[in-house]
Amino acid sequence: MTDRIRDFLRSRREDGPILVVDLNVVAENFMKFARALPDTRVFYAVKANPAPEILNLLAEMGSCFDCASVVEIEQAMATGASTDRISFGNTIKKEKDIGRALQYGVRLFAVDCEAEVEKIARQAALLGARDVKVFCRFLQDCEGAEWPLSRKFGCAAEMAPRVLELAHRLGLSAYGLSFHVGSQQTNMGAWDLALTTASSIFRTLAERGIELKMVNMGGGFPTKYLKDVPAAEAYGASIFEALIKHFGNRIPETIIEPGRGMVGNAGIIETEVVLISKKSDADEVRWVYLDIGKFHGLAETMDEAIRYPIRTDHDADEKVPCVLAGPTCDSVDVMYEKVPYMLPLSLEIGDKVLIEATGAYTTTYSTVGFNGFAPLASVCI
Ligand code: PLP
């Protein structure tokens, strides 16, 4: 925990769970990405944490923004960033939202099928928008990712040329390709694999007279939870090597879209133990109920995929297996049960518990008031 977060929490008077984000850590993360891949533009994935303070800081540092909706585009624009620094990176968009983005001046759009290309072309023609660039997302194996993104986004590699050819025919700029290797990707080789596919699609389209210009290498850069992860520098070196291997001296324009890797380790949630109980006298495992759960920020504990580091004031004491659950009346509001969490035997009702590395995908995953519990409070320092 940073000293700044510790000092802030010591001075805090209000009740209830809160996420505290240290902006210095976000700034360090941005610099690490910028240094690791100096020729690559960073488009921060706004969905990871759209707090205005984070967006303002990143805009000031020169970041661009990957947005999934009109609201995220407006959040990015509120920083003063010009719309040439914004991409509409969601492959699933309502046509009227495409129109709105075009009216705002956004010119970079993700697609993964012909129907989406047609929507963009129609809106561009209607609004007289010129130089509208599309990039086609292809399906990528997420092996090695702790939070894989499944088959929901992207088309088969062999379909991508057809999608981009249609874009070209309809007067759009068939600009490039994108992929996402899955979030919290600890296998650096995943980018090499994806770039093999990307370079082959580049060649196929070049043979058909279309010169692509850009590869968007997505997010996936990990944050440190319980296990150590390689540093951004190592990812940068490995990705650069793969770019040289597949594109030689004709490396295209490149983009990365870090979300988790930009803000994950910058945040800590302070929460409180509401109840500790056992289900029977014979039970070894204790149930520890916190005042935060799956519905107020900890959705990524779904399938127990993401295991957050947890700190208490009793960490030097003997630890016992605990099921960790949230406070709501929904029985799925249990964070860790399949693999119980080892917590101190001396932990008591009313104790504060710190959940580390929670800067990404927490506030935005909090419901607005399920069971009357307030959405996850958040502050940037
Ligand atoms: N880019 C796109 C298109 C995404 O869908 C996501 C996450 O869902 C990201 C970037 C950010 O990924 P990560 O948080 O793994 O860096």
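Which residues are exposed on the other side of α5? Let me get to that in a moment.

First, a bit of housekeeping. This is a predicted model, where local features need pLDDT of at least 70, side-chain atom pairs count only at pLDDT 80 or more, and totals for chains, interfaces and linings use all residues. Residues are numbered from 1 along each chain as its sequence is written.

OK, helix α5, residues 95-104. Helices here are DSSP runs of H or I with at least four residues, strands are E runs of at least two, and both are numbered from the N terminus. The buried residues of α5 are Ile98, Gly99, Ala101 and Leu102. Buried means 20 or more other C-beta atoms within 10 Å of a residue's own, exposed means 12 or fewer, partly exposed is in between, and the C-beta atoms are placed from the backbone. Looking down the axis of α5, those buried residues fall within an arc of 165°, so they line one face of the helix. That arc is taken over the directions from the helix axis to the C-beta atoms. And back to my question: Lys96 and Gln103 are the exposed ones on the other side of α5.

What sits over the buried face? The cover includes α4 (70-77), β4 (86-88) and α6 (114-127). Contact, by the way, means C-beta atoms, placed from the backbone, within 7 Å.

Buried or exposed, then, is Ser82? Exposed, because Ser82 has 10 other C-beta atoms within 10 Å.

Now the core. The largest nonpolar core has 108 residues, and Val134, Cys136 and Leu177 have the most contacts inside it. A nonpolar core is a set of buried Ala, Val, Leu, Ile, Met, Phe, Trp, Tyr and Cys residues joined through C-beta atoms within 7 Å. Helix α8 (189-207) gives this core the most, eight residues. Leaving aside neighbours within four places in sequence, Val134 touches residues including Phe109, Val117, Leu172 and Tyr175.

We have domain 1 (89-258) and domain 2 (265-380), with bounds from an automatic or database domain assignment. Their centres, over C-alpha atoms, are 36 Å apart. The contact between them takes six residues from domain 1 and nine from domain 2.

How values were computed. Two residues are in contact if their C-beta atoms, placed from the backbone, lie within 7 Å.
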